Amino acid sequence: MRLTAIKLAGFKSFVEPTTLRLTSNLAGIVGPNGCGKSNVIDAVRWVTGESSAKQLRGEALEDVIFNGSRSRKPVGRASVELLFDNSDGKLGGQYAGFAEIAIRRELSRDGQSQYRINGARCRRRDVVDLFLGTGLGGRSNYAVIEQGSVNRLIEARPEDMRQVLEEAAGISRYKERRRETENR
Ligand code: ATP
Ligand code: MG
């Protein structure tokens with residue numbers, strides 16, 4: 001499973017539709033301060049189900065929508081799509097057979113939010129579910145390591161550390177299923 005493209009439109013500073021292609025296993029994003037490097041990472045977290053505005057460096061959820069600049073008016077909606085090469089079938093469940101998987105999230109200013117997997121509307125939890133056990137999305141999103149997160153891990157409470165280890169071991173998917181069954 002490999003992230004091959006990030007498509008953004010109206011998301012934070014990316015007001016114009018922009019496609020970032022990741023053509024190898026290692027890509028670097030470089031640029032001057034404030035040019036939008038961290039916004040790209042926020043976009044990845046956002047599509048994979050991040051629901052805390054603070055984690056996305058904003059105050060409200062709609063802060064991810066381009067809110068205007070000196071030369072441009074604000075826009076009404078933000079969308080981000082991630083393309084994954086899934087030829088190894090790592091993204092599983094009903095999508096295991098798809099060689100390419102597109103995950104999309106849209107939000108408009110009236111609060112309307114949508115998730116899509118390969119074009120079909122789905123719930124946030126379907127997206128979170130899809131990534132369970134991959135380290136992306138969900139409660140222990142260790143695929144995104146930002147400033148301070150290594151320290152946070154070192155100083156984590158045993159329960160929190162366990163959550164990270166269970167995600168890495170691929171157990172979290174089964175625990176989530178059990179939690180659901182027990183709550184039914
Ligand atoms: P640094 O090198 O300092 O870490 P960076 O490249 O990571 O910088 P970002 O934090 O990604 O920069 O981008 C910050 C820019 O994004 C700011 O100019 C800010 O005004 C802009 N920005 C953030 N949210 C929005 C929004 N909703 N609408 C318009 N612009 C936004
Ligand atoms: Mg930054």
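This is a predicted model: local features need pLDDT of at least 70, side-chain atom pairs count only at pLDDT 80 or more; totals for chains, interfaces and linings use all residues.
Colleague: Which other residues have a positive phi without being glycine?

Modeller: Arg-57 is one of them, at about 60°, and Asn-118 is another, at about 45°. Arg-57 sits in the loop between helix 1 and strand 3, while Asn-118 sits in the loop between strand 5 and strand 6.

Colleague: Why does Asn-118 count as exposed?

Modeller: Because Asn-118 has 12 C-beta neighbours inside 10 Å, and 12 or fewer is the cut-off for exposed. Arg-57 has 14 other C-beta atoms within 10 Å, so Arg-57 is partly exposed.

Colleague: New topic, the core. How many residues are in the largest nonpolar core?

Modeller: That core has 26 residues, and Phe-11, Ala-43 and Val-64 have the most contacts inside it. Strand 1, helix 1, strand 3, strand 4, strand 5 and helix 2 each supply at least two residues of this core.

Colleague: Which element gives the most to this core?

Modeller: Strand 3, with 4 residues. As background, nonpolar side chains tend to be buried together in soluble globular proteins.

Colleague: What is Val-64 in contact with, leaving aside neighbours within four places in sequence?

Modeller: Phe-11, Lys-12, Trp-46, Leu-56, Gly-58, Ala-78 and Leu-107.

Colleague: Lys-12, you say. Which residues come nearest to ligand 1?

Modeller: Lys-12 is one of them, with Asn-33, Lys-37, Ser-38 and Asn-39, out of 14 residues around the ligand. The shell around ligand 1 divides into 3 nonpolar, 8 polar and 3 charged residues.

Colleague: Where is Ser-13?

Modeller: Ser-13 is in the loop between strand 1 and strand 2. Not counting residues up to four places away in sequence, Ser-13 touches Gly-36 and Asn-39.

Colleague: How far apart are Ser-13 and Gly-68?

Modeller: They are 55 residues apart in sequence and 8.6 Å apart in space, C-alpha to C-alpha.

Colleague: Last one: why is Ser-13 partly exposed?

Modeller: Ser-13 has 16 C-beta neighbours inside 10 Å, so it counts as partly exposed. A buried residue needs 20 or more.

Notes:
Residues are numbered from 1 along each chain as its sequence is written. Chains are lettered from A and ligands numbered from 1 in the order in which they are written. A residue is near a molecule or strand if its C-beta atom, placed from the backbone, lies within 6 Å of it. Ala, Val, Leu, Ile, Met, Phe, Trp, Tyr, Cys and Pro count as nonpolar, Asp, Glu, Lys and Arg as charged, and the others, Gly among them, as polar. A nonpolar core is a set of buried Ala, Val, Leu, Ile, Met, Phe, Trp, Tyr and Cys residues joined through C-beta atoms within 7 Å. Two residues are in contact if their C-beta atoms, placed from the backbone, lie within 7 Å.
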